[in-house]
Amino acid sequence: MQTLKYTITDSLGIHARPAGLLVKKASEFSSAVSVSKNDKTANAKKIFSVMSLAVKCGDEITVTADGSDEAEAIKAIESFLHENL
């Protein structure tokens, strides 16, 4: 299992458009990918799950990947977060 901590810098937080792109990116991998904020965890491959976290600007999230391609998943999602959020 690999994890990544990231603080959201987008002024709108994780709203519909970037949430959809995040789900698309996470779905490229066979590993289980989740996003956590505080005590809530969401399946990163399901948009309603990600949106339910209500992530705002300045919130720290933890992304976890567990599976055969977890290292690649974390690297790709980290890149995505830096470019989009």
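Trainee: In which sense do strand 2 and strand 4 pair, and over how many bridges?

Mentor: This model is predicted. Strand 4 covers residues 60-66, and it pairs with strand 2. The sense is antiparallel, and the count is five bridges.

Trainee: In strand 3, which residue is the bridge partner of Ser 36?

Mentor: Strand 3, residues 40-43, pairs with strand 2 in the antiparallel sense over four bridges. The two strands form a hairpin with two residues between them, where Asn 38 has a positive phi near 55 degrees. The bridge partner of Ser 36 in strand 3 is Thr 41.

Trainee: Is strand 2 largely enclosed or largely open?

Mentor: Buried here means under 20% relative accessible area. Of the six residues of strand 2 (residues 32-37), five are buried, so the rest of the structure leaves the strand largely enclosed.

Trainee: How far apart are the end C-alpha atoms of helix 3?

Mentor: Helix 3 has 15 residues, 70-84. At 1.5 Å a residue it should span 21 Å, which agrees with the distance between its end C-alpha atoms: 21 Å.

Trainee: Against which elements do the buried residues of helix 3 pack?

Mentor: The buried residues are Glu 70, Ala 73, Ile 74, Ile 77, Phe 80 and Leu 81. They cover an arc of only 130 degrees around the axis, so they lie on the same side of helix 3. The face turned away from that side carries the exposed Lys 75, His 82 and Glu 83. The buried residues pack against strand 1, helix 1, strand 2 and strand 4.

How values were computed: Residues numbered from 1 in each chain as written. Predicted model: local features only at pLDDT ≥ 70, side-chain atom pairs only at ≥ 80, totals over all residues. Heavy atoms only, no water. Buried < 20%, exposed > 50% of the residue type's maximum accessible area, 1.4 Å probe, protein only. Pairing = 2+ DSSP bridges. Expected span 1.5 Å × (residues − 1). Arc of directions from axis to C-beta. Contact = heavy atoms within 4.5 Å.
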